[in-house]
Amino acid sequence: MNNPKAKKLKEIITSSNLSFIMEAHDGLSAKIVQEAGFEGIWGSGLCLSAAWGVRDNNEISWTQVLEILESMSDITSIPILLDGDTGYGDFNTLRRVIKKLEQRQVAGICIEDKLFPKTNSFIDGDKQELATIEEFTGKIRAAKDFCGQDFCVVARVEAFIAGWGLGEALRRAEAYHKAGADAILIHSKKSQPEDIISFMQAWKKTSPVIIVPTKYYSTPTKVFEDLGVSVVIWANHLLRGALKIMQETAKCIFREKNLLSVEDRIAPVGEIFRLQGADELREAEKRYLPRKAALTNALILAASQGEELGNLTKDIPKAMLPVQGKPLMQHIIDTLNEMGIKNISVIRGYRKETFEGLNIPYVDNDEYDSTKEVFSLNLGKEKIQESSLILFGDILFKKHIPLLLLESPGEISIVVDYTRKDRLSDGTYRDFVACSKPYNYFDSEVFLNEMGNDLPPDRINGEWIGMMMVRNDGSKILQQTLEELAALPDFKSLRMKDLFNYIVKNGHNIRVVYLSGHWLDIDNLDDFSKASIF
Ligand code: SPV
Ligand code: MG
């Protein structure tokens with residue numbers, strides 16, 4: 001099996017430099033080890049068990065260990081050496097464990113010459129029974145015969161732990177080396193490194209040696225280097241570090257019944273997200289998910305009175321006219337809500353108090369009677385987000401229309417009704433559009449050339465329905481355009497067509513989404529009566 005991480009571990013073990021690997025016990029701690037700069041990870045049996053709240057006595061099964069190792073291996077690119085205890089059974093179990101580890105790109109396994117179920121070396125070590133050399137070398141041979149060519153099998157000599165002397169340690173190390181072990185891990189529970197020194201001096205670099213200086217921690221690392229040790233394992237320090245801060249944090253919060261004292265001493269939530277790779281997912285979602293209405297907000301322009309409707313709009317603005325039992329604006333809000341758009345704001349002006357009952361945020365255009373839509377939109381500029389739907393408050397429409405906009409690939413998109421080419425010169429101002437192509441079912445890549453009420457009839461491809469969508473760069477372009485237009489002397493009288501034409505003139509694309517019907521704008525009494533049956 002191709003296992004580049006195993007190859008890397010082999011290089012680390014066989015190189016003449018002293019290397020360091022650090023304990024991890026789950027995906028997150030594995031990532032932390034990698035980010036700290038370590039060359040490899042020690043899948044500590046003690047810490048894997050402890051993180052599960054159980055003892056280091058093979059209380060978690062090897063398949064549970066495997067699952068944790070899978071998450072550790074998935075999230076990292078440096079090699080993992082698993083502390084495989086005694087191999088979780090006989091040679092045959094060990095072979096199966098190795099097969100499964102290799103499938104997960106784990107780089108190697110360390111097995112110790114004790115009996116299953118094992119006990120941690122620092123608990124009653126003297127009472128611990130060792131496996132026979134014959135049995136243990138059989139395991140090593142089986143492992144090496146079975147594993148891929150780079151997978152590392154480290155043989156751990158527990159002779160010192162079990163109270164035997166240097167002679168037994170060497171005898172065993174020699175046999176394990178001959179059986180094919182890639183390295184010997186010589187373990188000691190003494191607080192000074194005398195076992196390690198005597199072993200290394202006698203061993204004479206016969207094969208790479210790995211040590212675990214948990215108990216002889218005060219020994220300068222230079223000593224290990226001079227002895228010719230190949231790899232040092234810092235075997236439990238992340239778990240111990242985490243334990244202490246977890247205990248302190250829990251006690252502090254329990255005692256103080258608030259979070260103030262701990263907040264500065266613990267990682268921010270954002271750091272969890274970073275380690276989990278939240279950014280990558282956000283980027284991937286942009287590429288692979290359909291556009292989500294839930295992330296889109298809506299801004300409704302509803303400042304004007306709609307005086308063309310005469311008496312009807314004397315006391316209420318056009319957007320609040322009752323249609324089929326509820327205000328027109330409520331229809332719009334309901335449709336947007338149905339699509340999953342919750343974040344909706346209204347720019348109100350004429351009789352603004354009539355909007356109160358709608359329970360949505362407002363922006364006020366108090367100059368409504370002397371200004372047009374672009375001025376209103378500019379007042380609501382802060383509401384233009386990464387993905388925003390902007391629409392007039394006097395239109396009724398079916399849900400599929402804004403959905404078409406959400407699905408449009410354009411950064412700025414507008415909806416154009418291609419059947420409305422003929423509503424010319426009835427006296428009402430209309431946003432006619434000239435596009436890069438007329439409507440054609442088979443060709444959806446269409447862009448706006450120009451918008452205006454007075455376009456020559458032969459250039460008109462349809463009418464803008466009063467709904468647009470901006471996203472990403474499109475949002476920035478819109479905000480930038482509003483800023484530039486706001487500096488013009490005639491800013492207050494600019495219409496949306498002026499805004500669109502300015503954007504197009506500046507070389508930006510405005511995507512056109514064609515449709516036919518299923519919407520209604522209330523521009524006169526006739527429209528209003530149609531609304532009752534829409
Ligand atoms: C482990 O980390 O689980 C080890 C090292 O095996 S020790 O705890 O020192 O035995
Ligand atoms: Mg262990």
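Trainee: What makes up the lining of the largest pocket, by class?

Mentor: This is a predicted model, in which local features need pLDDT of at least 70 and side-chain atom pairs count only at pLDDT 80 or more, whereas totals for chains, interfaces and linings use all residues. Residues are numbered from 1 along each chain as its sequence is written, chains are lettered from A and ligands numbered from 1 in the order in which they are written, and side-chain values use heavy atoms, with hydrogens and water left out. With that settled, the lining of the largest pocket has 12 nonpolar, 10 polar and 13 charged residues, where Ala, Val, Leu, Ile, Met, Phe, Trp, Tyr, Cys and Pro count as nonpolar, Asp, Glu, Lys and Arg as charged, and the others, Gly among them, as polar.

Trainee: Which residues lie nearest the centre of the largest pocket, and which elements give two or more residues to its lining?

Mentor: Of the 35 residues that line the largest pocket, S304, E308, K318, E373 and R495 are nearest its centre. Two or more lining residues come from each of β9 (297-302), α15 (373-379), β19 (462-471) and β21 (519-521), and β19 gives the most, with four. Helices (H or I, at least four residues) and strands (E, at least two) are DSSP runs, numbered from the N terminus.

Trainee: How much space lies in the second largest pocket, and which residues are closest to its centre?

Mentor: The second largest pocket holds about 530 Å³, and of its 18 lining residues L28, I32, A242, I245 and A267 are the closest to the centre. Two or more of the lining residues come from each of α2 (27-36), α10 (237-256) and α12 (269-276); α10 gives the most, with five. By class, this lining has 11 nonpolar, two polar and five charged residues. For the largest pocket the space is about 850 Å³.

Trainee: How many cavities of 30 Å³ or more are there, and what makes a space a cavity and not a pocket?

Mentor: There are two cavities of 30 Å³ or more. On a 1 Å grid over the protein atoms alone, a cavity is a set of points where a 1.4 Å probe fits but cannot get out, whereas a pocket is an open set with protein on both sides within 12 Å along at least five of seven lines, and lining residues have an atom within 4 Å of a point. Grid points are joined across faces, edges and corners, and a volume is the space filled by probe spheres set on the points. The largest cavity has a volume of about 160 Å³, and of its 17 lining residues L46, D83, N120, R156 and H187 are closest to the centre. The second largest cavity has about 60 Å³, and helix α3 (residues 45-51) gives the largest share of its lining, three residues.

Trainee: Which cavity is the space taken by ligand 1?

Mentor: Ligand 1 takes the space of the largest cavity, which means that more than half of its atoms lie within 2 Å of the grid points of that cavity. Around ligand 1 are W42, S44, G45, L46, D83, N120, S121, F122, R156, H187 and A235, each with a heavy atom within 4 Å of the ligand.

Trainee: Which polar side-chain atom lies 2.7 Å from an oxygen atom of ligand 1, and why does such a pair count as a polar contact?

Mentor: A polar contact is a pair of N or O atoms within 3.5 Å, and a polar side-chain atom of D83 is 2.7 Å from an oxygen atom of ligand 1, so this pair meets the cut-off. A side-chain N or O atom of S44 also lies 2.7 Å from an oxygen atom of the ligand, and for L46 a polar backbone atom is 2.7 Å from an oxygen atom of ligand 1. Taken alone, ligand 1 exposes 280 Å², of which the protein buries 100%, the areas coming from the Shrake-Rupley method with a 1.4 Å probe.

Methods:
A polar contact is a pair of N or O atoms within 3.5 Å; within protein, one must be able to donate a hydrogen and the other to accept it, and residues adjacent in sequence count only if both atoms are side-chain atoms.
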